[in-house]
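Have the model open as you read.

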Amino acid sequence: MKECTMKTWMTALSLIFCPVTFLYLVIYPLIVPESQNVVWAAFVAMPIYFIVGAKKGDFHRFFYSMFAGFFWAHLFLRGPGWVSSISGWNISQSMTMDLWVLVICAPFLLLHLVWIANSTWLNVCPMMFGTVATSFGTGGQRPFGLATALTLGMLVALVSVELTNAVVGKPTLAQPAEKK
């Protein structure tokens, strides 16, 4: 297998990433209706996929974790309304949201980081967080456009890394010994 320096790999990745991203920007509006358009969400999924260091075989974990993120986003966004209507408390919407986030974050983190961390495909917390954050950014609207953008963003990252590895090889982190 070919190997290259990190500098060479990053240069090749940049040269491959740009046209693949351009292709995404051309394809996305053809798939998603204008009313669902959230093209920017892909740029949340891309760095998550890069930074976590996902490999081709990990894509399904990211994909299913994205849908788990939609479930958590639904709870985060709808919960304060439920709490207000059930409790009858006369507190501000922001305080209700703060309390709800406190109540929901503990089970979310325990479930995905401790109890099922290595036993299911729902174990990529950064992807879940990215999905929750982008859902907040859209107010819980446009789920089709959001799911499409996040999925295509992960695919852009995956294709860019795989093409870069095919062209220049995998980067080696070891520095060559200096000649004296």
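Phe22, Leu23, Val26, Ile27, Leu30, Ile31 and Phe144 make a nonpolar surface patch of about 690 Å² (Val, Leu, Ile, Met, Phe, Trp or Tyr side chains joined within 5 Å, each residue with over 30% relative accessible area and no salt bridge; areas by Shrake-Rupley with a 1.4 Å probe, only the protein chains shown counting as cover). This is a predicted model, where local features need pLDDT of at least 70 and side-chain atom pairs count only at pLDDT 80 or more, while totals for chains, interfaces and linings use all residues. Residues are numbered from 1 along each chain as its sequence is written, and side-chain values use heavy atoms, leaving out hydrogens and water.

**Surface patch**
- Helix 1 (residues 6-31) gives the patch its largest share, six residues (helices are DSSP runs of H or I, at least four residues, numbered from the N terminus).
- Ile31, part of helix 1, counts as partly exposed because its relative accessibility is 41% (buried is under 20%, exposed over 50%, partly exposed in between).

**Salt bridge**
- The count is one salt bridge (a Lys or Arg side-chain nitrogen within 4 Å of an Asp or Glu carboxyl oxygen).
- Asp58 pairs with Arg61, their closest N and O atoms 3.1 Å apart.

**Nonpolar cores**
- In the largest nonpolar core, of 28 residues, Tyr24, Tyr49, Phe62, Met127, Leu150 and Met154 touch the most other members (a core is buried Ala, Val, Leu, Ile, Met, Phe, Trp, Tyr and Cys residues joined through side-chain atoms within 4.5 Å).
- Helix 6 supplies the largest share of this core, nine residues.

Note on methods: Patch = residues over 30% accessible without salt bridge, like charges linked within 9 Å, V, L, I, M, F, W, Y side chains within 5 Å. Helix = DSSP H or I, 4+ residues; strand = E, 2+ residues; numbered from the N terminus. Buried < 20%, exposed > 50% of the residue type's maximum accessible area, 1.4 Å probe, protein only.
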